[in-house]
Amino acid sequence: MGKKKNNMANRGVASALATANLPLINLTNLTKDTEPAATPVARSDSEGKSSSGSLKRPGPHDDDADGDDGWQTIERGRPVKKHKKIPTPNSARYPALHFSEKSRLQSKVNLSAFRDLILYLFADGPAPQWISVSQRPEFRKVVAIMVPGLEEAMFEPGVDYSKYETPTLDQAIKQIGDGSSPDHYYPRPLSKEALPTSLQPFADMFPHLWPVKAPGDDKYGRLHSPLTTMLTAPLNKNKDKSKDKAGPDSHRDIRTRITEFLATPEELMDNGFPVHPALLPEGERRDSFKNPEGWAHTRVSKLEDGDVPESEIQQGSITAGREVLAIDCEMCLTGPGELALTRVSLVSWDGETVLDELVKPEKPITDYVTQYSGITKEMLDPVTTTLSDIQAKLLDLLHPRTILLGHSLDSDLKALQLAHPFIVDTSMLFPHARGPPLKNSLKYLAQRHLSREVQKGGGTINGHDSVEDAKTCLDLVKKKCEKGKAWATGDSQGENLFRRLARSGTAYRATAGPEATGGLPVGKTSAAVEWGDVSRSACNAATVAISCKTDAEVEAGVIRAVKGDPDGLEVPGGGVDFVWARLRELEFVQGWANRHKPNTPPVATVAEETPEVQDVNGDAEKEAVSPLEECLSTLAQRLQRIHAALPPCTLLMVLSGTGDPREMSRLQAMHSQFKKEYNTPGTKWDQLSVKWTTDEEDALRKAVKVARAGVGFLSVK
């Protein structure tokens, strides 16, 4: 039967060749084990009729401008269809996003909807209900840029940035609205004439400004991490989980040296670690450094002192020639909010206890907090060891090649009043699924990754043991070194977006040929262009990771990721499919960052390009421009250059992530201080330094609502 079908197909091709007055080619002698060379076959153009056999009537979108002169390629007896060209902007096939007032939009668009739009275009996400997508298969690339610090009020007509002030809570709530009217959540059209001069380029790139609701919880006064929301894809409930484990996204163990997990100086300072002089830049500041009274720092002159030559490192060694010590401390209260060291335990890489001593605080203990510390009065009564004694012992044990590891180690080092520059912290190594400032507890990490129960019991030394906690941290770090950087990076609430795109990224006929008709899971390449060390975050799962220190570097990185490297060695030729980036200089100018980094690079501005004017005395001077306006002008120009570098059929989205979080952060810190003082035994209500009433509770809810009011922009290049 199969032979008969082949003969019929061959006769059809022969008939087509005869009709086109072309030489006949004998195909009957070809067997299924031989592949005929591609044979050109002429298309029929006479009177709009197609020839017999395998020839077909040209479609309405057929384009003969490829230089094929009406020839069609035949392989295995069938015509080979060519990939479609990138459509022109006026083509019916050009991709687009459309918003209609008839759409199912009844509230602000959540930030997660923008992430889901990426998944719909490039993977297995559901179709959006808030915006209409036409010609989905034609989208070639997606570029998503987060710009914290952008506010809707900046785009109001006639805004004066030199007098731009943060509105009060009531004013901000009035601007946001209660969400009862479409005016509060429908996208606002952007008119170039109505925008401030510095932001007018936005109107050239984007048709609308979208009010966006950041992730959070209004009831409990919480704002969740917008970064985690965008980079965590929801788990597909319809998928067979057993297949997922064996799929291409399954984790592969990559043994990694512990030195790869050392906290950077910026991370140490961001997380409140005591300052070691080796972390400071060379010069007067380091030379004149003095320890605060009662404090000490390890004998490390500079960070390079910890380097070990490769010739001294045993092949395959995880410790890389370094001595690794795990430390954990227990503290008691000596006053309201005053913690004092009562026990310190030090464990070596082999699990041997190097040091385990009780410490007598200088001040009288007001609360032993036994349920947490495991320390009792009877244990400390005979102790004579002081904090200075412990510091002296640690200074002898900790040398430049020593790595100190622990969980929330900043608290332990503050209790020890000691600074050391080489730190591995499991609270940073295993980030919380919702991002900073939330941290996973050591108890949770031990249960999840070690299947071990720790810190259990009824307030005894057996229930909460610093040696046990130090060994738990040690085992977590050992397993991390065996598994690699990508292991346990916080996917408990979903799947890393970059991994989802790599695993189930879908190609269509428009970009991958006839075999992808209807969609074919082939995986999508991605790039993460971020501030700091990209390899230490969820961005490490991207195909290409580009670390930056300034917005200028981010801009260059995005353009590079879109276009690709000429040699294709790092960034694939032609660029990646999805690019994620974050521009942060506006965030610093606005004061929105949780903690301002020391030595933050100066914000690049256009001040140098400001036109000079002549004063009455003829002296040249520059027009005074506020730092905020300079930063916004620079931002708009950066986005304009990125937009110009994008290829056709590329979706560009710009998101603020959140609204102004400053008042929310202030009230949350106030609430935290109140709880700390209120829960301190022996503290009276009238002695609290802060009060927390229903008025403050209502103010926090309002502040969270303001912090959740972000903005977004969408356009197709």
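Which residue forms a salt bridge with Arg343, and how far apart are the closest N and O atoms? In this predicted model, the partner of Arg343 is Asp465, with 3.1 Å between the closest N and O atoms. Arg343 belongs to strand 15 (residues 338-348), whereas Asp465 is located in the loop between helix 15 (442-450) and helix 16 (466-483); the pair therefore ties together parts that are 122 residues apart in sequence. The bridge between Asp465 and Arg343 was identified alongside a search of the whole structure, which finds 28 salt bridges.

Glu282, Glu284, Asp287, Glu304 and Asp307 together form a negative surface patch. Of these patch members, Asp307 is placed in the loop that runs between strand 13 (296-297) and strand 14 (323-335).

Three cavities of 30 Å³ or more are found when the whole structure is searched. The second largest cavity holds about 50 Å³ of space. Its lining consists of ten residues, and those that lie nearest the centre of the cavity are Asp551, Glu585, Leu586, Cys631 and Leu635. Two or more residues of this lining are given by each of two elements, helix 20 (585-590) and helix 21 (627-645). The greatest contribution to the lining of the second largest cavity comes from helix 21, which gives four residues.

Terms used: Residues are numbered from 1 along each chain as its sequence is written. This is a predicted model: local features need pLDDT of at least 70, side-chain atom pairs count only at pLDDT 80 or more; totals for chains, interfaces and linings use all residues. Side-chain values use heavy atoms; hydrogens and water are left out. Patches are made of residues with over 30% relative accessible area and no salt bridge: like charges are joined within 9 Å, nonpolar side chains (Val, Leu, Ile, Met, Phe, Trp, Tyr) within 5 Å. Accessible areas come from the Shrake-Rupley method with a 1.4 Å probe; for residues, only the protein chains shown count as cover. A salt bridge is a side-chain nitrogen of Lys or Arg within 4 Å of a carboxyl oxygen of Asp or Glu. Lys and Arg count as positive and Asp and Glu as negative; His and the chain ends are not counted. The place of a charge is taken as NZ of Lys, CZ of Arg, CG of Asp or CD of Glu. On a 1 Å grid over the protein atoms alone, a cavity is a set of points where a 1.4 Å probe fits but cannot get out, and a pocket is an open set with protein on both sides within 12 Å along at least five of seven lines; lining residues have an atom within 4 Å of a point. Grid points are joined across faces, edges and corners, and a volume is the space filled by probe spheres set on the points.
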